[in-house]
Amino acid sequence: MRFALYTKLDPQENNDHIFSVLKSLQKHNIDFDVDGNSYDLLSNSFDSKIHFNRIKKLTKDYDYVVSIGGDGTILRSADEIGKLSIPIIGLNKGRLGFLANSPVEAFDSILEKIKASKFKISERSIIQVEFEGNIKNALNEISVSRKNTTSLITIDTKLDDQYLNTYWADGLIISTPTGSTGYSLSCGGPIIMPDSKNFVLTPIAPHNLNARPLVISDEKKIEISINGRESEYFVSADSKIFSVSIDSKIYISKAPYFLKMVEFEEDSYINTLREKLMWGKDRRTEQ
């Protein structure tokens, strides 16, 4: 087997959790390479007996991608994977982590389960946006928002060429099921199970108070036009932000591929929801 590792290192922090992952890979005789952003620091910091190379380009020669950190590292890794369909293992080093939901301390046992095929693959929908000749993809969400103004923008929205609504708001989020626990949730959107074939449209601070989040089929084609006082507005695809002319429309649809996430029984999506959101826990009874 051959693994590709993606992480985010801070020279000021203790990176022992990364070292433990490298040692586990060496123990299991697994070849691995490290993303270019982390290679130099890792190669200068750790035991020279642990051999690894820099990832020049992610290819199908890799069996798994391991993302070590938080959800932001998962999103970066997913962008690198693109259409390659390489399964991704998300290791969380202690933060909230809806996507990176396996504890980094359990990596040694995770490798045992990988070898024994004791896991399942969760296929996560990817959403794409087209604007001004560009196509950008996202695992969590596409959003449109105002730029350089405190004034609201009007967001004319069509589904399959049929007029849906004009949102008068700070912006609009179009989220995948995976992203439903992120930005959309913070703006009042619903949680959607990952295997649901849906998108959710969630307005950001709408002034027309009867505008509520809407769940739609992910087969719908979405067309958005913006009107406002400024000459540009923002379009974001996960952590990537672009300025778009107010005269330009954007088109949003499901991408023609999925992201494959490795999921273990004890770290399943349902367990993650229950633990991270503390469902069923009564804080009053805790000491």
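Analyst: Two strands are said to pair if DSSP finds at least two bridges between them, and the strands (E, at least two residues) and helices (H or I, at least four) are themselves DSSP runs, numbered from the N terminus. Residues are numbered from 1 along each chain as its sequence is written. The model is predicted, so that local features need pLDDT of at least 70 and side-chain atom pairs count only at pLDDT 80 or more, while totals for chains, interfaces and linings use all residues, and side-chain values use heavy atoms, with hydrogens and water left out.

On a 1 Å grid over the protein atoms alone, a cavity is a set of points where a 1.4 Å probe fits but cannot get out, whereas a pocket is an open set with protein on both sides within 12 Å along at least five of seven lines, and lining residues have an atom within 4 Å of a point. Grid points are joined across faces, edges and corners, and a volume is the space filled by probe spheres set on the points. A search of the whole structure finds one cavity of 30 Å³ or more, and the largest cavity has a volume of about 80 Å³. Its lining includes Ser 122, Arg 124, Met 261, Val 262, Glu 263 and Tyr 269. If Ala, Val, Leu, Ile, Met, Phe, Trp, Tyr, Cys and Pro count as nonpolar, Asp, Glu, Lys and Arg as charged, and the others, Gly among them, as polar, the lining of the largest cavity divides into five nonpolar, four polar and two charged residues.

The largest pocket holds about 290 Å³ of space. Of the 18 residues that line this pocket, Ser 122, Glu 123, Arg 124, Pro 194 and Asp 195 lie nearest its centre. At least two lining residues come from each of E7, E18 and helix H6 (269-276), and here E7 gives the most, with six. By class, the lining of the largest pocket has six nonpolar, four polar and eight charged residues.

Strands elsewhere form an open sheet of six with antiparallel pairing, in the order E14-E13-E12-E9-E16-E17. Strand E14 (214-217) and E17 stand at its edges, and because each has a single partner strand, one side of each is left without a neighbour in the sheet. From one strand to the next the twist averages 20°, where axes are lines fitted to C-alpha atoms, for helices over the stretch in contact, and angles run from 0 to 180 degrees between N-to-C directions.

Within this sheet, strand E12 (residues 171-175) and strand E13 (residues 198-204) are joined by five antiparallel bridges, and Ile 173 stands opposite Thr 202 in E13. Strand E9 (residues 141-145) runs antiparallel to strand E16 (residues 232-237), to which four bridges join it, and Ser 145 has Phe 234 in E16 as its bridge partner. E16 in turn pairs with strand E17 (residues 240-245) over six bridges in the antiparallel sense, with Tyr 233 opposite Val 244 in E17. Between E16 and E17 the hairpin has two residues, and Asp 238 takes a positive phi near 55° there.
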